Amino acid sequence: MKTTFLILFSILVLSACNIDSGTKKVGFLATSFEVERFRKEADYFQAKMAEYGYEVILEDCNENHALQYERAKEMLEEGIDILNVIPVNIKTAHNIVDLSVNQDVPVIAYNRMIMDADIEMLIYSDNEFIGEAMTKSVLDKMDGGNLAVFAGDRMDPNAVEQKQAMDKMISQYKKAKDINVVYDTYVEDWNNEMAAIEFQQVAKVYELNGVIAGNDAMADAIIDIIQQRDPDYPVFIAGQDGDQIALENIANGLQVATVYHPYDKLAGKAAEIVRDLLENKNTEEHISGKVFNGFKEVPVVRIRSEVISRENVESNMKN
């Protein structure tokens with residue numbers, strides 16, 4: 001009787017272990033959760049994956065690529081089955097991918113491409129639409145005059161694709177509206193303080209009528225300087241990300257628009273795809289195309305962003 005009890009007890013313990021180990025884990029590794037949109041998207045992704053019955057480990061790395069590699073190692077040691085990465089450095093993050101793939105853990109690049117790496121796919125926003133929308137929002141308001149462009153980091157393919165779209169849209173408006181581009185640059189690390197310093201220098205030489213800022217943090221930093229210099233002088237400014245401060249600036253007439261990346265659509269689609277991969281389902285229906293990353297033709301999923309302007313800012317602030 002005692003032997004039978006021990007056998008039954010052992011079977012129950014082993015069964016429990018199998019149930020626990022059967023819950024698959026997903027890693028979500030961001031650059032920094034100080035970035036408002038990444039915090040929101042990570043939280044939404046985690047909640048959505050929980051609905052699907054999966055555990056998510058969230059980590060960031062204070063924009064440090066070496067620390068991001070260590071965080072990835074820790075996640076792999078915790079037994080994740082798939083890894084989503086917003087890379088700090090798109091050129092060195094292949095080390096994270098190599099480490100993961102060698103342990104049969106597929107990697108999805110989220111928001112930014114990872115170069116020269118065997119990634120499963122890239123999920124990101126439609127950069128052509130973003131660049132066009134920001135530019136159009138500013139140029140539609142201008143009757144002509146001087147324009148300054150502060151794009152994102154030159155080493156970030158997102159910034160490059162957006163800048164190409166900006167340039168294309170500017171060329172369409174330039175003659176019709178007599179637009180004069182007096183300053184046109186990329187801003188390293190999308191750094192708002194650097195953008196503000198450069199804007200100060202440009203504003204000493206030119207009276208600016210419009211500014212296209214790489215993101216809302218840059219836009220807000222530039223707005224602060226304009227308010228200090230001459231709060232009554234109209235400068236039309238647009239950014240992207242849909243940050244809370246941008247919505248407030250738009251509501252107060254200080255910013256004409258922000259291009260918002262709906263976290264429920266972007267993170268929600270990522271969760272849906274990760275679920276399909278974990279359940280060995282076909283993901284072809286999600287794919288928008290392919291982009292070469294130096295190693296392979298990577299399937300990409302592009303999510304359309306939304307423009308928030310004075311006309312719809314109140315409803316978005318409520319949401």
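This is a predicted model: local features need pLDDT of at least 70, side-chain atom pairs count only at pLDDT 80 or more; totals for chains, interfaces and linings use all residues.
Local features are reported at pLDDT of at least 70 and side-chain atom pairs at pLDDT 80 or more, whereas totals for chains, interfaces and linings use all residues. Residues are numbered from 1 along each chain as its sequence is written, and side-chain values use heavy atoms, with hydrogens and water left out.

**Overall chain**

- The protein chain contains eleven helices and 13 strands, where helices (H or I, at least four residues) and strands (E, at least two) are DSSP runs numbered from the N terminus.
- Taken along the principal axes, the C-alpha atoms fill a box of roughly 90 × 40 × 35 Å.
- Of the 319 residues in the chain, 48% are buried, meaning under 20% relative accessible area with a 1.4 Å probe and protein chains only.
- Among contacts (heavy atoms within 4.5 Å) with a separation of 6 or more, 71% join residues 24 or more positions apart.

**Largest pocket**

- The largest pocket has a volume of about 760 Å³; on a 1 Å grid over the protein atoms alone, a pocket is an open set of points with protein on both sides within 12 Å along at least five of seven lines, and a volume is the space filled by probe spheres set on the points.
- Its lining, made of residues with an atom within 4 Å of a point, comprises 30 residues, of which Glu63, Arg112, Asp156, Asp189 and Trp190 are the closest to the centre.
- At least two lining residues come from each of α2 (36-52), β5 (121-125), α5 (127-139) and α6 (157-177), and α2 gives the most, with three.
- The lining divides into nine nonpolar, eleven polar and ten charged residues, with Asp, Glu, Lys and Arg counted as charged, Ala, Val, Leu, Ile, Met, Phe, Trp, Tyr, Cys and Pro as nonpolar, and the others, Gly among them, as polar.

**Largest cavity**

- One cavity of 30 Å³ or more is found in the whole structure, a cavity being a set of points where a 1.4 Å probe fits but cannot get out.
- The largest cavity holds about 50 Å³ of space, and its lining includes Glu36, Arg37, Lys40 and Glu41, together with Asp241 and Asp243.
- Helix α2 supplies the largest share of this lining, four residues, and the lining as a whole divides into two nonpolar, two polar and six charged residues.

**Helix α3**

- Helix α3 (residues 65-77) has 13 residues and reaches 19 Å from its first C-alpha to its last, close to the 18 Å expected at 1.5 Å a residue, a span calculated as 1.5 Å times one less than the number of residues.
- Within α3, Gln68, Ala72, Met75 and Leu76 are buried, and they lie on the same side of the helix because they cover an arc of only 95 degrees around the axis, taken from the directions from the helix axis to the C-beta atoms.
- The cover over these buried residues includes β1 (25-29), β2 (55-59), β3 (82-85) and α4 (94-101).

Notes. Buried means under 20% relative accessible area, exposed over 50%, partly exposed in between (1.4 Å probe, protein chains only).
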